[in-house]
Amino acid sequence: MDLDLTIVIPNYNTRTLLRNCLDSIYRYTEGIDFEVICVDGNSPDGSADMVALHFPKVLLVRNRSNESYARSVNRGIRLARGRYVCLLDSDTLLIENTFLPLVRFMDEHPDAAVCGPRLLNPDGSIQHHIRGFASLRVFFLQTLNWHKLFPKSKLMNRYYNTDFDYSQAQPVESIGTSAYMIRRSTWETVGLFDERFRWAMPDLAYNYTLHRGGYKLYYTPCAEVVHFGGQTASQDVLRALREQRQGFIDFSEAYDYFGKGRVTKTIVRVGIWFRYLTRVLGYYLGSDKRVITGPGAPRKDVASEAKRIISDTQPRAFRDMELEEKTVAQVQSGSDAASNL
């Protein structure tokens, strides 16, 4: 272990975003010793070949199938040589030397098990990614879309942290894993992400495990990362909603999140199904087709602008890479640093 940081990027079918993300890492990161591990879920868009061709320094893991988020990041963490690991979504973009201040923050806060930076929407506005842990009451109000009916509800706003002060470093209950710095002693002691969850819930489950164990999670504004948000999940919204439904059920029952009683868990299961059905109905009847639409999520117009930016940059990148990657595909036999793990 001779590195400050290992950056782990799980990827599925986001080639252009991934290329921009990797390019920004190598353009801006300095002052620390780091490595990048990309775990690709057998993306049909040629993401892995792009990484092999354009970013030979990246340790590329080619999975045989599109595994769960938890399994992908766990593969990366197991290979990590850094004192810290930063889980980084492929739909993020660095706009500054992000990782040096994050490493310094962790060095200066030995009580921090994990930390996360300020996330920005593509228009520069703050992306709300701090959450509290929901009580049973909050859960049922969520099921009734209480936050939409009564947007000024103090109870719901406390859960969604809509008034959170993003200008101050502070401990938090739960923080999103789009850019998520973990101390080595944290995962060596607590363990890795729960692989029972595919897409939804592994971040909340890990944060909840740390919280119950008395570990501290920090938000810090010392660095900023642009996050386009939900690009992998939005490739198949209905599938993502099904996985979210099952993730909520598994989390409630495996972690006793709302209580240990069988009756309570049954009621929660019914509530989760009701919420899922209303989300599916909203998908078919509404104009907003995103998976993540709650308080703190980017406004619909901001999300649309992010999609436009992605669409505008995609054709140029594809033209630049197409011929090169066809050639690579012909000569490459999967001999990347860690292929087919």
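Me: First up: is Arg-269 buried, partly exposed or exposed?
Reply: Arg-269 counts as partly exposed, at 35% relative accessibility. Buried means under 20% relative accessible area and exposed means over 50%, with partly exposed in between (1.4 Å probe, protein chains only).

Me: Before I go on, what are the ground rules here?
Reply: This is a predicted model, where local features need pLDDT of at least 70 and side-chain atom pairs count only at pLDDT 80 or more, while totals for chains, interfaces and linings use all residues. Residues are numbered from 1 along each chain as its sequence is written, and side-chain values use heavy atoms, with hydrogens and water left out.

Me: OK, which residue does Arg-269 meet in a salt bridge?
Reply: Glu-253, at 2.9 Å from N to O. A salt bridge here is a side-chain nitrogen of Lys or Arg within 4 Å of a carboxyl oxygen of Asp or Glu. Arg-269 sits in helix α11 (residues 262–285) and Glu-253 in helix α10 (residues 237–255), so the pair ties together parts 16 residues apart in sequence. Helices are DSSP runs of H or I with at least four residues, strands are E runs of at least two, and numbering goes from the N terminus.

Me: And Glu-253, buried or partly exposed?
Reply: Glu-253 is partly exposed, with a relative accessible area of 31%.

Me: How many salt bridges are there in the whole structure?
Reply: A search turns up 15. One of them joins Arg-118 and Glu-224, with the closest N and O atoms 3.0 Å apart. Arg-118 is in strand β6 (residues 112–120) and Glu-224 in strand β11 (residues 216–227), so that pair links parts 106 residues apart in sequence. Arg-118 counts as buried, at 16% relative accessibility.

Me: What about Asp-256 and Lys-265?
Reply: Their side chains form a salt bridge too, 2.5 Å from N to O. Lys-265 counts as buried at 15%, whereas Asp-256 is partly exposed at 27%.

Me: Switching topic: how many residues are in the largest nonpolar core?
Reply: 34, and Ile-25 and Phe-99 have the most contacts inside it. Such a core is a set of buried Ala, Val, Leu, Ile, Met, Phe, Trp, Tyr and Cys residues joined through side-chain atoms within 4.5 Å. Helix α4 (residues 99–108) gives the most to this core, six residues.

Me: Which residues does Ile-25 touch?
Reply: Leaving out residues up to four places away in sequence, Ile-25 touches Ile-7, Ile-9, Phe-34, Val-36, Leu-88, Leu-94 and Phe-99. Contact means heavy atoms within 4.5 Å.
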